[in-house]
Amino acid sequence: MSGSSRPKVPVRIEKNLALRSGNTCAYPACGKELTLDSLHPDDDSKVIGKAAHIAAASAGGPRFDPQMTDRQRSSIENLLFLCGDHHDAVDSQLSHHTTEFLLNAKTAHEKLVRRTVRSSLGLIGFQELESVCTSLENIASSAEPVRVPLAVDDKIALN
């Protein structure tokens, strides 16, 4: 939108917002993926999610807060990542989509994404990875063969 006085959301903030949203719409119970995979080798994948302002970016917009600075309006705290349908809905159905509703939706969604990522990755950090790599390096350089107490299929069945 050239010529617009509306402050632009910095690309770094949009990227951070997309990551915090886990590639899914932050609207309650939506969960729509916000990237579109290419269907042909000559095509690129596409981000279809949209950064939505909780308090409008400019005067006259939905939920505009005159007490906020332009920086605050474009901050990650004032944005949520939505599918196109919900992006349009939050800016047109204002009685339902209050500031409180949107802040609660953002908080709940981002908390769920963080919890999901942590539980899928566990509490693996650099020290744990370094320990595993060191152990693997020591095993590879030792003359002793690795003794496995259970066959792989038995271990899988046991788990």
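I take a contact to mean heavy atoms within 4.5 Å. I also note that this is a predicted model.

**Entry 1: Lys 106 and its neighbours**

I started with Lys 106, which sits in helix α4, residues 99-121. Which residues does Lys 106 touch, leaving out those up to four places away in sequence? I found Leu 17, Ile 54, Ile 76, Glu 77, Leu 79 and Leu 80. Next I looked up the relative accessibility of Lys 106. The value is 6%, so Lys 106 counts as buried, the cut-off being under 20%. I then followed its side chain. The side chain of Lys 106 reaches the backbone oxygen of Leu 79 at 2.7 Å.

**Entry 2: Lys 106 and Glu 110**

I checked Lys 106 for charged partners. Lys 106 forms a salt bridge with Glu 110, and the closest N and O atoms are 2.7 Å apart. About one helical turn separates the two, because they are four residues apart in helix α4. Are Lys 106 and Glu 110 buried or exposed? Both are buried. Salt bridges with shared partners join Arg 20, Lys 106 and Glu 110 into one network.

**Entry 3: the other salt bridges I looked up**

I asked for the total. How many salt bridges are there? The count comes to four. Side chains of opposite charge can pair when their charged atoms come close.

I looked at Asp 91 and Arg 63. Their closest N and O atoms are 3.1 Å apart, and they form a salt bridge. This pair links distant parts of the chain, 28 residues apart. Asp 91 is in helix α3 (residues 84-92), while Arg 63 is in the loop between β3 (50-53) and α2 (70-73). Asp 91 has 32% relative accessibility, so I wrote it down as partly exposed. Arg 63 is buried, with a relative accessible area of 15%.

Then I turned to helix α2. Arg 73 forms a salt bridge with Asp 70, with 2.9 Å between the closest N and O atoms. The two are three residues apart in the helix, so about one helical turn separates them. Arg 73 counts as buried because its relative accessibility is 6%. Asp 70 comes out at 45% and so counts as partly exposed.

**Entry 4: the whole chain**

Last, I stepped back. The chain has six helices and four strands. I read their order along the sequence as α-β-β-β-α-β-α-α-α-α. Of the 159 residues, 26% are buried. Among contacts with a separation of 6 or more, 65% involve residues 24 or more positions apart. The accessible surface is about 11,600 Å², and carbon and sulfur atoms hold 56% of it.

Key. Residues numbered from 1 in each chain as written. Predicted model: local features only at pLDDT ≥ 70, side-chain atom pairs only at ≥ 80, totals over all residues. Heavy atoms only, no water. Buried < 20%, exposed > 50% of the residue type's maximum accessible area, 1.4 Å probe, protein only. Areas by Shrake-Rupley, 256 points an atom, 1.4 Å probe, with all protein chains shown as cover. Polar contact = N/O pair within 3.5 Å; in protein donor to acceptor, adjacent residues only side chain to side chain. Salt bridge = Lys/Arg side-chain N within 4 Å of Asp/Glu carboxyl O.
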